[in-house]
Amino acid sequence: MTRYAAMFDGCLARGEGAFGAFLMLGDPDRDASADYLDVLVDGGADMVEFGMPFSDPVADGPVVQAAAVRALKAGVRTADCLAMIADFRARHPEIPVGILTYANIVAARGIEAFAHELVEAGADSLLVADVPTLEAGPYSEAARAAGIDLVMIAAPNTPEPALRRIAELSSGYTYCVARNGVTGSDRGPSLRHEGLFDALARAGAPPPVLGFGIATPGHVREVIAAGAAGAISGSALVRLVGERVSPQALSSFVSELKAATRRRTQNLAFAAEKR
């Protein structure tokens, strides 16, 4: 059983949705970043997603872009990120670790080589934000050969043929965008996702986890009530790191967001359908 499957099963047994926490690797510098990454787990995150700093993150809003700039200015590069992932995995052997990056970084090292490097570092999944479904075949093949899940993005306006490709090519979970646009906590989610969840279920896709605009416990409750298997918060957490709050303050905020995932067990059926 994969770490994602075990995590979703555990949430199902507890009558909760999954809570995922995103931070940028190396923000604001490598040493401080390691402390912030650890407190995501201390705060109760069920899964974590780490960004690799990149100069042109087209899917990200200004908060996450600023985090990437801070990490790059601190000298953090891809090799440093791989080492940070390995260090995190050694400290936290059970929690699922996802990596969000862009095609330029993957291409620079080679798709197959990069997938193997992530596995060796201890990552569970890879999401390449700027690769559409029609171009995702080689990434899926490389991920499966290496033994890592390829996570893909779906939206309410994604056509059914693309959703079927997502189901065929991806595993772990499906990253569902909660609203139009880029990442950011300036606007909350727009929750008209029932049709998307139904279509993903028909296609046999991995469990839907919503991100983009998830910034408050109320947002998390809305996402879980709408039928998602989980919610991911990024910009709201990254903003706190940019403000250099204490790790304890970040942990407390994560705890508040996680507490909002409690819901009726029957609404978690999707999470148990595909592993």
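Predicted model: local features only at pLDDT ≥ 70, side-chain atom pairs only at ≥ 80, totals over all residues.
Local features need pLDDT of at least 70, side-chain atom pairs count only at pLDDT 80 or more, and totals for chains, interfaces and linings use all residues. Residues are numbered from 1 along each chain as its sequence is written, and side-chain values use heavy atoms, without hydrogens or water.

**View 1. The buried face of helix α10 (residues 217-225).** Helices are DSSP runs (H or I, at least four residues), as are strands (E, at least two), numbered from the N terminus. His219, Val220, Val223 and Ile224 are buried (under 20% relative accessible area, 1.4 Å probe, protein chains only). Seen down the axis of α10, they fall within an arc of 130 degrees, so they line one face of the helix. The arc is taken over directions from the helix axis to the C-beta atoms. The buried residues pack against β1 (18-24), β8 (208-211), β9 (230-233) and α12 (247-259); contact means heavy atoms within 4.5 Å.

**View 2. Helix α2 (residues 30-42) crossing α12.** The two axes come within 8 Å and cross at roughly 35 degrees. Axes are lines fitted to C-alpha atoms over the stretch in contact, with angles from 0 to 180 degrees between N-to-C directions. From α2, Asp35, Tyr36, Val39, Leu40 and Asp42 meet Pro247, Leu250, Ser251 and Val254 of α12.

**View 3. Two buried cysteines.** Cysteine 11 is buried at 2% relative accessibility. Cysteine 176 is buried at 0%. The whole structure has zero disulfides (pairs of cysteine sulfur atoms within 2.5 Å).

Technical notes. Buried < 20%, exposed > 50% of the residue type's maximum accessible area, 1.4 Å probe, protein only.
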